[in-house]
Amino acid sequence: MSWVSLFSGGKDSSWALYRAQQEGLDVGRLLTVHPAGDSYMYHTPATHLARLAAESVGLPLVEVEPDDFGADDVPDAGAQGDAELEPLEAALREIAADTDLTGVTAGAVESEYQTSRIEGLCDRLGIDLFAPLWQRDPETLATEMLDAGFEIVIVQVAAAGLDESWLGRTLDADALAELRALNDEYGVHLLGEGGEFETFVVDGPHMDRRIDLDLSTEWEGTRGHVVVEDARLE
């Protein structure tokens with residue numbers, strides 16, 4: 001019996017993996033979808049770093065590289081999400097054909113749009129879903145991640161109150177306190193669940209070696225992302 005962890009290297013999918021391991025689930029591999037452009041279903045920034053994260057975690061990585069989803073011009077969001085799920089489902093069907101696939105882990109917090117589609121996928125495949133972040137208090141989750149020793153780097157921002165200085169910043173207790181204030185003022189989600197910010201985990205209890213990043217930034221007036229100049233395992 002084996003589980004697959006849907007994994008981007010960001011804090012939410014990494015926490016789902018970590019909690020699955022704590023619960024004794026037999027996670028046998030990671031699976032990363034690399035969207036060619038924007039996506040309604042998947043984490044998009046710096047997904048190539050999942051390869052280093054997988055090496056540090058010590059699990060094989062399955063990588064799915066679909067064509068551009070065309071998510072920048074979508075007439076029907078529901079149909080878009082369904083279409084984006086197809087390459088993930090195909091990859092899981094291939095895995096299930098070779099092993100006794102028990103279920104998948106997912107880092108969904110509040111997105112019914114994404115979670116309902118993953119639940120539907122699991123139903124079609126006859127497998128379980130482990131979603132330990134689902135509908136939990138975001139501040140409690142953030143605190144648990146930090147207390148567990150997760151080192152989280154912000155790699156993209158797109159929200160009022162989050163300027164270029166947040167790019168490459170570590171999400172620590174001070175940053176969390178500032179996010180609380182931004183939540184009060186602008187409604188910024190403490191975990192960036194609405195796409196306000198995206199992250200990458202460079203170290204944690206589920207990893208054997210820390211990932212060292214050399215970063216620059218690209219700022220586009222109201223949003224921006226990091227550019228990974230170099231990345232290596234320490």
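User: In this predicted model, what does "buried" mean, and which class applies to tryptophan 15 and tyrosine 18?
Analyst: A residue counts as buried when its relative accessible area is under 20%, as exposed when that area is over 50%, and as partly exposed in between. The relative accessibility of tryptophan 15 is 4%, so this residue falls under the 20% cut-off. Tyrosine 18 belongs to the class of tryptophan 15, and that class is buried.

User: How many aromatic pairs does the structure hold, and what is the geometry of the pair formed by tryptophan 15 and tyrosine 18?
Analyst: The structure holds three aromatic pairs. In one of them, tryptophan 15 and tyrosine 18 lie 5.2 Å apart, centre to centre, with 50° between the planes. Planes under 30 degrees apart would count as stacked and those over 60 as edge-to-face, so the class that remains for this pair is tilted.

User: Which helix holds both tryptophan 15 and tyrosine 18?
Analyst: The two residues are three positions apart in the chain, about one turn of the helix. Both belong to the element that spans residues 11-22, which is helix α1.

User: What type of aromatic pair do tryptophan 15 and phenylalanine 150 form?
Analyst: The ring centres of tryptophan 15 and phenylalanine 150 are 5.3 Å apart, and the angle between the planes is 70°. An angle over 60 degrees places a pair in one class, so this pair is edge-to-face.

User: How many residues apart are tryptophan 15 and phenylalanine 150, and where does each lie?
Analyst: Tryptophan 15 lies in helix α1, whereas phenylalanine 150 lies in the loop between α5 (138-148) and β6 (151-157). The pair therefore links distant parts of the chain, with a separation of 135 residues.

User: Is phenylalanine 150 buried or exposed, and which residues make up the cluster of ring pairs?
Analyst: Phenylalanine 150 has a relative accessibility of 5% and therefore counts as buried.

User: How many salt bridges are found in the whole structure, and what is the N to O distance between arginine 136 and glutamate 144?
Analyst: A search of the whole structure gives 16 salt bridges. Arginine 136 is partly exposed at 28% relative accessible area, and glutamate 144 is partly exposed at 28%. Their side chains meet in a salt bridge with an N to O distance of 2.9 Å.

User: Which glutamates meet arginine 210 in salt bridges?
Analyst: Arginine 210, in the loop between β7 (197-203) and β8 (211-219), pairs with a residue in strand β6 that is 59 residues away, at 2.7 Å, N to O. Arginine 210 also pairs with a residue in the segment after β9 (224-233), 24 residues away, at 3.0 Å. The two partners are glutamate 151 and glutamate 234.

User: What exposure class does glutamate 234 have, and which residues are linked in the network of salt bridges?
Analyst: Glutamate 234 has a relative accessible area of 51%, which is over the 50% cut-off and therefore makes this residue exposed. Arginine 210, at 24%, counts as partly exposed, and so does glutamate 151, at 23%. The linked residues are Glu151, Arg210, Asp212, Asp214, Asp230, Arg232 and Glu234.

User: Where does aspartate 68 lie, and which residues form the negative surface patch?
Analyst: Aspartate 68 is placed in the loop between β3 (61-64) and α3 (77-98). Its relative accessibility is 48%, so aspartate 68 counts as partly exposed. The negative patch is made up of Asp38, Asp67, Asp68, Asp72 and Asp73.

Definitions and conventions: Residues numbered from 1 in each chain as written. Predicted model: local features only at pLDDT ≥ 70, side-chain atom pairs only at ≥ 80, totals over all residues. Heavy atoms only, no water. Patch = residues over 30% accessible without salt bridge, like charges linked within 9 Å, V, L, I, M, F, W, Y side chains within 5 Å. Areas by Shrake-Rupley, 256 points an atom, 1.4 Å probe, with all protein chains shown as cover. Salt bridge = Lys/Arg side-chain N within 4 Å of Asp/Glu carboxyl O. Lys, Arg positive; Asp, Glu negative; His and termini not counted. Charge placed at Lys NZ, Arg CZ, Asp CG, Glu CD. Helix = DSSP H or I, 4+ residues; strand = E, 2+ residues; numbered from the N terminus. Buried < 20%, exposed > 50% of the residue type's maximum accessible area, 1.4 Å probe, protein only. Phe/Tyr/Trp six-rings, centres within 6.5 Å; stacked < 30°, edge-to-face > 60°.
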